[in-house]
Amino acid sequence: LTMAVDGISPALAIRSNVGIELWNSAGFKSPYVENPQFERDETKFCRAVAFSRNGQYLAWINGKTVRVARTSDWKELCSMPRPKAYHIKFSPRGNYLVTWELFTTNKDNPEGSPNMYVYKADTGEEMFSIIHKKHEGWEPCWSADETLFGLMIGGEAIFYEVDPNSTEKFKTSSNKLGGGRNGLLSIGPGNSPPFLAFYVPGSKSTPSMCKIYKYPALQQNQTVACKSLYQADHVEMLWNKHGNGLLLLTSVDVDQSGASYYGKQALNFMSTKGDSFAVTLEKKGPIHAVQWSPKSKEFLVVYGNIPSRATLFNLKCDSVFDFGEGPRNSCYFNDFGNLLILAGFGNLQGYVELWDMVKKVQIGKLQIPDTTLLEWSPGGETFLTATTAPRLRMGNGFKVWHYSGALLHETDWPKEQELLEVVWQKYPEGTFTEPTISEEKIEGIRPIKPETAKKVYQPPNVRLMNEGKLTTPDGEPIIKSPIPGLPPGYTSQKNNPSNSNRQKRARNKNKNTENGRAAPKPNNEQTEQNSEQQQQVNQQQLQQRQQTKSESYNRPRRPSQKFVNPAANNSDVPNESSTNENKDGPNTQNDNAPFQKQKRTHRGGGGGERRFISTGDPEKDNKITAITRKLQGITKLKGKQLRGELLNANQLTKIASEAALIEELNTLKI
């Protein structure tokens with residue numbers, strides 16, 4: 001094991017809403033505990049914490065000052081009075097510390113004061129200050145040897161030559177780039193003098209452009225490589241470790257093709273040899289993550305709609321290895337490039353895949369839900385996962401894992417506090433040797449909170465209904481409908497006995513009516529037949545209906561009947577004289593004619609014309625018309641009652657009011 005062999009156990013700097021802490025582990029399988037050598041800084045306004053790249057210094061902001069401690073004995077070296085400092089960053093070799101704070105003005109100082117400062121890391125001496133208004137892209141650029149300092153001011157790239165031994169420690173260079181707006185500068189690592197990339201956004205008539213120069217040759221005809229970028233509102237520059245390859249992740253806010261609501265992304269490659277390629281991705285969808293291998297010869301892309309695809313490319317942008325598809329949106333190489341993590345966090349369930357990049361095989365699989373932070377340790381064998389605020393304010397804590405999948409440490413953060421950030425201590429390159437990947441399983445500890453199977457979310461009303469606790473205002477329980485998609489309390493008509501009885505009575509009435517007999521009045525007290533008898537009755541009814549249909553098809557049509565105007569005949573009720581033609585004899589008058597539906601005939605119709613005789617008083621005429629309509633409705637209800645349909649209380653009340661309506665109608669006609 002690397003940490004055991006090298007005898008080094010990296011520390012963890014922890015930032016929370018109650019201050020800064022430092023935790024250490026005594027060994028590979030020992031738990032992490034608070035380091036007593038580091039004086040805990042208790043503050044509620046800690047905005048940032050950072051280690052220098054070589055691991056020599058630790059800096060943090062406590063809301064009053066920016067403090068720097070030496071990692072050899074964890075003693076404070078210096079502090080800078082910057083209460084408004086918001087961000088901090090060390091230079092590549094850790095000799096300088098840059099702070100940035102929000103730019104403000106007031107009546108006494110309308111021009112504003114510098115908001116970016118450069119300090120000597122070991123002494124706190126102020127070396128340089130400047131006004132840098134933009135929060136986005138505030139980080140300055142350094143060369144690997146810290147002799148060149150560059151930043152974007154007003155769309156122009158300005159360079160400073162750093163010499164700490166001279167009187168003018170940051171000397172302004174005559175070399176400049178740009179002059180437009182919203183440009184982007186990035187200095188590559190590993191070369192002296194360095195290569196640098198400069199991005200210029202396009203306009204309606206010209207595309208965006210990214211150019212690579214070798215400092216100090218910054219003239220327009222001295223470009224090393226150039227790439228035109230179409231549909232690129234934003235760009236992210238990613239250099240490899242050796243500084244000879246550059247990836248450009250471009251994006252537009254609006255996809256003109258309408259394929260995606262979230263815009264469109266593309267990936268391009270540029271090299272210091274002058275090559276430039278567009279990276280071809282086989283699956284459509286967003287680009288979730290891009291990362292260079294620490295060996296600087298390959299890069300990994302996670303792309304496409306979920307389940308996304310992960311592919312490894314070489315410096316010619318050819319696909320080297322495909323990891324297949326899965327629920328993932330992030331990737332992490334360890335510092336040696338021999339281990340890879342593919343994971344799906346955020347809105348995914350936290351599946352983690354561990355890959356051996358030497359053999360290109362998967363060696364482990366985990367599920368670590370609610371993870372907001374993942375970072376490999378400097379030794380390359382273990383990695384850290386954490387649940388932090390403000391992304392998630394519940395269940396904060398951190399865990400340390402071995403690449404075999406064993407859990408080595410777990411800390412559950414107090415519920416009344418918020419864990420904001422956890423950072424591994426850094427070390428100079430070459431401190432650790434590359435770990436040998438083994439298939440041996442390491443024995444870990446049991447988790448504090450065993451992972452339980454998560455149930456599918458149900459809204460409160462559905463959950464209470466399933467538990468029988470959801471009731472109506474009257475206190476009756478609401479039963480879930482057996483038919484999906486229908487409202488609660490709905491029951492199937494096929495399973496309702498009253499509906500089944502109603503349908504049987506209707507079929508019997510239709511059969512008797514077609515045979516020339518009036519339907520008998522249904523008997524509500526009649527009991528239901530058993531299933532065998534019911535099947536026989538249904539079979540007989542089916543045969544009779546088929547026979548009746550055949551006879552009805554060959555039967556001659558009845559002559560049209562002319563309906564008599566009830567007002568002209570001084571009838572009390574809207575009535576119609578209906579005939580029922582019998583196939584064995586002449587037409588006879590139907591006994592149920594007063595209760596049958598009265599058909600209206602219109603001018604030009606084949607069934608005659610009904611006229612309304614006015615009384616001469618418009619108010620009376622309106623009342624007569626209204627009462628006549630009510631009586632017609634009662635006639636329909638009586639017909640339903642005869643057919644065996646069940647009526648509600650309101651409908652029965654209407655039928656009971658028939659006599660009063662007839663009496664009122666006769667009074668109006670006098």
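## The chain as a whole

Among contacts between residues at least 6 apart in sequence, 43% join residues at least 24 apart. Keep in mind that this is a predicted model. The chain has 670 residues, and 39% of them count as buried. As for secondary structure, there are seven helices and 38 strands.

## β9 and its two partners

Let's start with strand β9, residues 96-101, which is mostly covered: six of its six residues are buried. In a regular strand, side chains alternate between the two faces of the sheet. Here both faces of β9 are covered. Tyr96, Val98 and Trp100 sit on one side, Leu97, Thr99 and Glu101 on the other, and all are buried.

β9 pairs with strand β8 (residues 85-90) in the antiparallel sense, over five bridges. One spot to look at is Lys89, which stands opposite Val98 in β9. The two strands β8 and β9 form a hairpin with five residues between them. In that turn, Gly94 has a positive phi of about 80°.

β9 is also joined by five bridges to strand β10 (residues 116-120), and these two run antiparallel as well. Here Tyr96 has Lys120 in β10 as its bridge partner.

## A four-stranded open sheet

Next comes an open sheet of four strands in the order β16-β17-β18-β19, with antiparallel pairing. Its edge strands are β16 (184-187) and β19 (225-229), each of which pairs on one side only. On average, neighbouring strands of this sheet are turned by 15° against each other, direction ignored.

To zoom in on one pairing, strand β18 (residues 208-214) and β19 run antiparallel and are joined by five bridges. Ser208 has Leu229 as its bridge partner in β19.

## Another hairpin: β26 and β27

Strands β26 (residues 308-314) and β27 (residues 319-326) pair in the antiparallel sense, again with five bridges. Arg309 stands opposite Glu325 in β27. Four residues lie between the two strands of this hairpin, and Cys317 in the turn has a positive phi of about 65°.

## Two buried loop residues

Now for a couple of loops. Ser143 is found in the loop between β12 (141-142) and β13 (148-153). With a relative accessibility of 1%, Ser143 counts as buried, because buried means under 20%. What does Ser143 contact, leaving aside its neighbours within four places in sequence? The contacts are Pro92, Leu148, Ile187 and Pro194.

Gly379 has its place in the loop between β32 (373-376) and β33 (382-387). At 3% relative accessibility, Gly379 counts as buried too. Thr431 is 52 residues away from Gly379 in sequence, but the C-alpha atoms of the two are 8.6 Å apart in space.

The 25 residues of helix α5 should span 36 Å at 1.5 Å a residue, and its end C-alpha atoms are 36 Å apart, so the two values agree. Buried residues in α5 include Asp621, Ile624, Ile627, Leu631, Gln632 and Ile634. Further along, Thr635, Leu637, Lys638 and Gly639 are buried in α5 too. What covers the buried residues of α5 includes α6 and α7. Just after α5, Gly644 takes a positive phi of about 90°.

Helix α7 (residues 658-669) has twelve residues and reaches 17 Å from its first C-alpha to its last, close to the 16 Å expected at 1.5 Å a residue. Which residues of α7 are buried? They are Glu658, Leu661, Ile662, Leu665 and Leu668. These residues cover an arc of only 125° around the axis, so they lie on the same side of α7. That buried side packs against α5 (618-642) and α6 (649-656). The face turned away from the buried side carries the exposed residues Ala659, Glu663 and Thr667.

Key:
Residues are numbered from 1 along each chain as its sequence is written. This is a predicted model: local features need pLDDT of at least 70, side-chain atom pairs count only at pLDDT 80 or more; totals for chains, interfaces and linings use all residues. Side-chain values use heavy atoms; hydrogens and water are left out. Buried means under 20% relative accessible area, exposed over 50%, partly exposed in between (1.4 Å probe, protein chains only). The expected span of a helix is 1.5 Å times one less than its number of residues. The arc is that of the directions from the helix axis to the C-beta atoms. Contact means heavy atoms within 4.5 Å. Two strands pair if DSSP finds at least two bridges between them. Axes are lines fitted to C-alpha atoms, for helices over the stretch in contact, and angles run from 0 to 180 degrees between N-to-C directions.
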